[in-house]
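Hi everyone, thanks for coming.

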Amino acid sequence: MKYPYFPGCTLYTKAKKLDDAGRECSLKLGFELEELKDWTCCGATFPLVNDQHITMSGPTRILADTKDQGNDKLVTLCSVCFNVLKRTNHVMLNDEERRAKITDFIERDYHGEVEVLHYLQLLRDEIGFDVLKEKVVKPLEGLKVACYYGCLLLRPVKEIGLDSMEDPTIFEDFIRALGGEPIEFPYKVECCGAFQAVYSMDTATRCSRDILRSAKNCGADVVITTCPLCQFNLDDRQPEIQKSDPGFSSIPVVYFTQLLALALGLSAEDLGFERNLIDPLPLLQEKGIIA
Amino acid sequence: MKTVISRSQVKGDFVSKVAEISGENFFNCYQCGNCSAGCPSVDEMDLLPSQVVRYLQLGLEDEVKNCKSMWVCAACMMCHARCPKGVDISKIMEALRVLRLREVGAEGHIDVTDFSDDYLARAPQIAMISGYRKFLPL
């Protein structure tokens, strides 16, 4: 089974490990991510004002290409791409006036025919977590995982519709299928500060601190995410957090596909953990997940 | 301090423009404060999200136009998710930002050269692109 796949800019460079592991795991699970031809950046932000159409032309073109290449689905791994493409598609489906403006401008015929799916959703709804569980060769036994959703995977819930806004469970169910132990922590749907990382660093540091503290206080060994921007903020801000809070002890922040890859028996050496600021390898060794 | 509220301000061009491009009706808000309670950026804000809406209801253009809050909003949409009246403040904050960004023009936006090489080597592209679209230089 092949699924059309949109990697996005960051997954080609800074978040290569999120992409590599996702593709490798798909083969182990019996499907293939087929990269969309001639894709461009999604724009990384969905325009939140009604009179800004130009920034939707990029994602609309991606969706129209997907359709014209003979597909009715498009899979993403990055939460940001997922949010932008999904929300753009919502406009294409429901807002005739804006759709006409944008499709006229890019000279394409598109009416929202493509269903945008996140990889997690694909695992849950098309593959099934029960099937995933059977494919696990190295269960993540004894690993306490804080499943951090952040914003863009869930909100706005009426347009994204992946899971409950306040109490989602898809990520926890995923970790259970891998044999790990998801922990509940109150900050799982809070924001990491997102793009404030380029403007108000204090916001990104404080938001990340609150999330990581909450996860640690609830007993987490590791935090997982689907988003390269969340991974960056939560990992990169930790030295700064330690400066203002000497009692803070660091915690690794990894991509969900990296844990998936380990559970499916892929070698840790190929998973790009060396790019993590807070090294997850000692923890994974201690838990007996890697040699 | 005495605050003068006038009909002309409440129905003024600026406030109307913010309402138009955000698509939000400020008068749906009854000031419960849920948005401000859940907002991750309030520590860095000068006006709480609920205050921004209140000031817009009252037409206090200058106070809103010059607030810091719009720039530290992370567009996480928690305010919208928890608003019992369905007001999407992330759209209002974006409207305030884009009106200022349009005044300044594209040359005035954050530029990639504003960041150190070390930071650029670490930060993901999505942060840079969002930053370029949402901010003026610090």
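Okay, let's begin where two domains meet: 23 residues of domain 1 of chain A are in contact with 22 residues of domain 2 of chain A. By contact I mean that the C-beta atoms of two residues, placed from the backbone, lie within 7 Å. Which elements give two or more residues to the domain 1 side? Those are helix H1 (16-28) and H3 of chain A. H1(A) gives the most, with nine residues. By type, that side of domain 1 of chain A divides into nine nonpolar, six polar and eight charged residues. Here Ala, Val, Leu, Ile, Met, Phe, Trp, Tyr, Cys and Pro count as nonpolar, Asp, Glu, Lys and Arg as charged, and the others, Gly among them, as polar.

A quick word on what you're looking at. This is a predicted model, where local features need pLDDT of at least 70 and side-chain atom pairs count only at pLDDT 80 or more, while totals for chains, interfaces and linings use all residues. Residues are numbered from 1 along each chain as its sequence is written, and chains are lettered from A and ligands numbered from 1 in the order in which they are written.

Back to chain A: domain 1 covers 2-119 and domain 2 covers 129-286, with bounds from an automatic or database domain assignment. Their centres, taken over C-alpha atoms, are 24 Å apart.

Now the sheet. Four strands of chain A form an open sheet in the order E2-E1-E3-E4, with parallel pairing. Strands here are DSSP runs of E, at least two residues, and helices are runs of H or I, at least four, numbered from the N terminus; two strands pair if DSSP finds at least two bridges between them. E2 (32-35) and E4 (115-118) of chain A stand at the edges with a single partner strand each, so one side of each has no neighbour in the sheet. From one strand to the next, the twist averages 45 degrees. Angles run from 0 to 180 degrees between N-to-C directions, with axes fitted to C-alpha atoms, for helices over the stretch in contact.

Strand E1 (residues 2-6) of chain A pairs with E2(A) over four bridges, in the parallel sense. One detail to look for: Pro4(A) has Glu34(A) in E2(A) as its bridge partner. And H3 (residues 79-94) of chain A packs on the sheet, touching E1, E3 (73-76) and E4 of chain A.

Finally, chain B: ten helices and zero strands.
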